[in-house]
Amino acid sequence: MIESINTFGSSALGGFWPVAWALIKIVVLLAPLMGCVAYLTLWERKAIGWTQIRPGPNRVGPWGLLTPIADAVKLVFKEIIRPTAANKALFFLGPVMTIMPALAAWAVVPFGPDVALANVNAGLLFLMAITSMEVYGVIIAGWASNSKYAFLGALRASAQMVSYEIAMGFALVIVLMVSNSMNMTEIVLSQGRGW
């Protein structure tokens, strides 16, 4: 089916098709991911409300199921407040540099045999490198506000992130040694084959 879509798209759009196909795959990957995040957040808020013996989010839609959509609309129309002394460019760049590597890391995650956004031979290295970039976003966000307290908090958070990455890197070295490959698809297939 994917081959027929690819053939039809390349005949219909010509040279623009590879870009369109990549964008379609990105949307197909990110839409369910963001939907899961939204509804898992809703579930967490409902569980916290139940634990604290109070009504959780139940005002929007049946049983509160439209609450994540209302939250997204509210977020889109929310006024962006920037501190007066903040660096404008870095203040807006920090959150982008924090969320984009987390979303880009999903590019090499295989969802089936040869079903990945990018089947890169050094996928494990890409995963470690791209997730390490989030530290810069946290530091930039703390620095940009021109507040020493925000900057100290950002330094503390980035130090914690780096310390976790060291342990994660050692765990992934074991995976690399056992699977004998840095390709994420090969790693998953080697898990299916066993030792």
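The buried residues of α7 pack against α5, α6 and α8 (184-193), where contact means heavy atoms within 4.5 Å and buried means under 20% relative accessible area with a 1.4 Å probe, protein chains only. This is a predicted model, in which local features need pLDDT of at least 70, side-chain atom pairs count only at pLDDT 80 or more, and totals for chains, interfaces and linings use all residues. Residues are numbered from 1 along each chain as its sequence is written, and side-chain values use heavy atoms, with hydrogens and water left out.

**Helix α7**
- Helix α7 covers residues 148-179, 32 residues in total, and reaches 46 Å from its first C-alpha to its last, close to the 46 Å expected at 1.5 Å a residue.
- A154, S158, E165, G169, L172 and S179 are buried in α7.

**Helices α5 and α6**
- Helix α5 (residues 123-132) packs with helix α6 (residues 134-144) at an angle of about 5 degrees, the axes being 4 Å apart.
- That makes α5 roughly parallel to α6, a term for angles under 35 degrees.
- From α5, I130, T131 and S132 meet E134, V135 and Y136 of α6.

**Salt bridge**
- The count comes to one salt bridge, defined as a side-chain nitrogen of Lys or Arg within 4 Å of a carboxyl oxygen of Asp or Glu.
- D71 forms a salt bridge with R45, with the closest N and O atoms 2.9 Å apart.
- D71 lies in helix α3 (residues 67-76) and R45 in helix α2 (residues 17-51), so the pair ties together parts that are 26 residues apart in sequence.

Conventions. Axes fitted to C-alpha atoms, helices over the stretch in contact; angles between N-to-C directions. Helix = DSSP H or I, 4+ residues; strand = E, 2+ residues; numbered from the N terminus. Parallel < 35°, antiparallel > 145°, perpendicular 65-115°, else oblique. Expected span 1.5 Å × (residues − 1). Buried < 20%, exposed > 50% of the residue type's maximum accessible area, 1.4 Å probe, protein only.
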